Amino acid sequence: MSKKLHVSTDELRIAAAQLDMHAADLSRGHAAAHANMASAVTGFGTTLSAAALTERITQWEQETAEHHAELGHHCEGHRAAVASYTT
């Protein structure tokens, strides 16, 4: 017996748009936080604390970029699924 798969491409499109929105919010929010932290580093002068904080900010920026890319990958997966289901 053949079973049909029922997929709401509208829901997939909405989910993709939401993933885009979350990725943009993540980047924007984290960029602001990173900028605030970088601004605070200047108050430490040329201390080991300043160097450690600068290093950690760099790590956070990399993590943010990775999370943003992951959200983008999921978004594209949703869009590819829509394209597959509609063809």
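Two residues are in contact when they have heavy atoms within 4.5 Å of each other. With that in hand, here is a predicted model, in which local features need pLDDT of at least 70, side-chain atom pairs count only at pLDDT 80 or more, and totals for chains, interfaces and linings use all residues. Residues are numbered from 1 along each chain as its sequence is written, and side-chain values use heavy atoms, with hydrogens and water left out.

In the protein chain, residues 24 or more positions apart make up 75% of the contacts with a separation of 6 or more. The chain has 2 helices and 0 strands (DSSP runs numbered from the N terminus, H or I of at least four residues for helices, E of at least two for strands). As for overall form, the C-alpha atoms fill a box of roughly 70 × 20 × 15 Å along the principal axes.

Buried residues (under 20% relative accessible area, with exposed over 50% and partly exposed in between; 1.4 Å probe, protein chains only) account for 16% of the 87 residues. In H2 they are Ala-50, Leu-53, Ile-57, Thr-64, Cys-75 and Val-82, and their cover includes H1.

Thr-64 sits in helix H2, residues 48–86, and is buried at 9% relative accessible area. Neighbours within four places in sequence aside, Thr-64 touches Leu-26, Ser-27, His-30 and His-34. Thr-9 belongs to helix H1, residues 9–41, and also counts as buried, at 18% relative accessibility. With neighbours within four places again set aside, Thr-9 is in contact with Val-82, Tyr-85 and Thr-86.
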